[in-house]
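Please examine the structure before reading the solutions.

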Amino acid sequence: MKHQIPQLLLIIYLYTRITINMISYSFFSNENIFQSIKQNFNDYAIKNNLNITLNINLFSSKNSTQNINNFHSSIETLIDKKSDKYDLFTFDPIYIRNLYPYFIDLKEWLPSEYIDWFSLNNIDKICTYENKWIGLPLFIKFMILYSNNYYLEKYNKKIPKTWDKLLEIGQDIIEQEKINNNNTNLYGYNGLFSYDKEDLTSSFCSIYQTLYSYRDNRNSAFPEIKSQNSINALKKIKEIKEKISLDEIFKENGEYSIKLLNEGNSLIFAVFWNLENEFKMFNKSMLPGRTEDITGSCIGGYNIGVNSYIDDDHKLASIEVLKFFFSKEFQKEIIIKQYNEYSGIIDLYKNKEVCSILNCELINNNQFINRPTTIKNYKRYEYKFLNYFYEFLYEKKSEKETLQNIENLTKIYYLNLNDSILVIASYILSRIPKFKSYYSLYSTLMWVNYIFSSIFIIYSPLMKFGKPTKFKCNAFILMLLIGYSMLYVPSFCSLIVNTSEIKNKFLNWIKNNERTFIVLICIFEVILITLSAIYPSEKPVEIITEDSINFYQCQLNKKNLKGVTILIINILIHCLLYIFFIIFMLKKLNNNPIRGVIKNMLYFSSIDGISIFLHIYLYYIRIWFDNANNKKEKEEKIINDLLKMNNETTIDNSLINGKTIIINTNDQESISKSQFNENNITLNINC
């Protein structure tokens, strides 16, 4: 425990009555457990003179119409306002990436042994983000295999440990039942791949843990999405569905799965969460794997975190509550013995009394896997992942195409270049007598300048290759502008020097001070480059697409007004320089001694002008307008969705009354628009 408690603060805290407000949900578990833990702590506090009272505001299917996703959205809205209304928050680990900035780091407040207890068997994966302990699980949830003991005993079969064996046993029992009992209503397997939007989390877990169970060995990491292991996993899921189950069974929601488990006569195997209630005809075991020593189970839990915006008195009191909840005694006596839930403290499963209540093998030998909740916008990833999987499972998409689409959800693509060739053909031509007259204005020094300026211009697109950075984004336009400046300024000076009559004083000064003028231009370029480096005008942005591959794009950083202003000035000055150069050549086109040279320069300069315009259009004007149009389209889509989904989603008024709701365009949930007006809520749309 790194956090030092000041002695005076500790004394004030010990003798001041503090009420700790906790907000929780119970959509899937026994609601009585939260009333019980509240009573147990308050009794403990009185007995130990802690001067702390715990109050729990519980949301469940009985007192709230919102689902778990809406509950967490409400929490984020509340805590984003730096509210201190609640001290403790119960949350699903899938939201850990979104919530971690708002919670204290428990490893700096709790004694170190508490952190150690929850660091075994991947339990810490649902507690931490970026090495910060965000919350600890009051109890954990994980998926297991339910095997119909009646049918297994009847046909002398053992609980399968591999997917191949599960398929073999399922086929054999179904065939025997048809022959012996004319039983045509027996299904071999329900994998919980539900179409129901309320069961997306369970469906994702079912797929993800199956992929995990197909790794090379028990110590291997999660297999690569496009690997042969992943392909084999998808093939096996579809094979099982087609041989011993039906689309209709796979698509049913969790409630239907529980119904089949309770009935017991129409299902042989099922995947579901570990539940405190028992199904009389089913045995619980670890999920099968590719081989007998490999398994995989998706893990979740009811995490509790401490609000970072409360004062130190409430933080200290909240820590006392957590120390009580996560003590080995409380976890054993209340969580395990009283409510038959699994604790996240692995050491408890070495206790004989505990193992007489719970199946300790499900913990001690299991191989847990957490969902990829560290992915940016995990809920969108989950939603799109499932859509691609359903296209494979229920339609005719191939395994490879499905896995490629899934990989594209997190993979950001960019151009790559392995080889480059420097072409200096122009210089070689200038050495050939036949073409020498066309290069009469170019000295050796000018040729060196020409080659380097050409390198800047030709190879500026290389900044678009590889993973973009701020440097690359800004270097691209700077290389173009510097290259054109190096190309035209010396050429402009050479034209002036080789023009016999010049009446303009400024041009006449340039003619007599050619090198000084070039040096001044170079100094000016250096100043612009320096300012552009200090105030970069562009930044790399991830472009997340709905139906195509994701990619990077350099975009103007509109928040950096200085950088954008410098870029505009830079472009305008170089455009004016180019226009002045063209006008001067047109005026001197009839100058006989260098007429041929001017014609060639005018021709190539016109091509360069078109190139400059295309660069500016493609990389700035078009992108700017596209982004503005896309934002408008997204805003219109959200408004239409809000109207369409009116009255389908309910928000808890006590949490957000009078608040500002921020809707992200990537969110899959919609909120009833009618409630915004009723509750004095401001709607902001972020694209």
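Two exercises with worked solutions follow.

The model is predicted, so that local features need pLDDT of at least 70 and side-chain atom pairs count only at pLDDT 80 or more, while totals for chains, interfaces and linings use all residues. Residues are numbered from 1 along each chain as its sequence is written, and side-chain values use heavy atoms, with hydrogens and water left out.

**Exercise 1.** Determine which residues of helix 22 are buried, and what covers them.

*Solution.* 
Step 1. Helix 22 comprises 21 residues, 514-534; helices are DSSP runs of H or I with at least four residues, numbered from the N terminus. From first to last C-alpha, helix 22 reaches 31 Å, close to the expected 30 Å (1.5 Å times one less than the number of residues).
Step 2. Buried denotes under 20% relative accessible area and exposed over 50%, with partly exposed in between (1.4 Å probe, protein chains only). In helix 22, Phe 517, Ile 521, Glu 525, Leu 528 and Ser 532 are buried.
Step 3. These residues lie on the same side of helix 22 because they cover an arc of only 75° around the axis, taken from the directions from the helix axis to the C-beta atoms.
Step 4. Their cover includes helix 20 (470-497), helix 21 (505-512) and helix 23 (561-587).

Methods
Helix = DSSP H or I, 4+ residues; strand = E, 2+ residues; numbered from the N terminus. Contact = heavy atoms within 4.5 Å.
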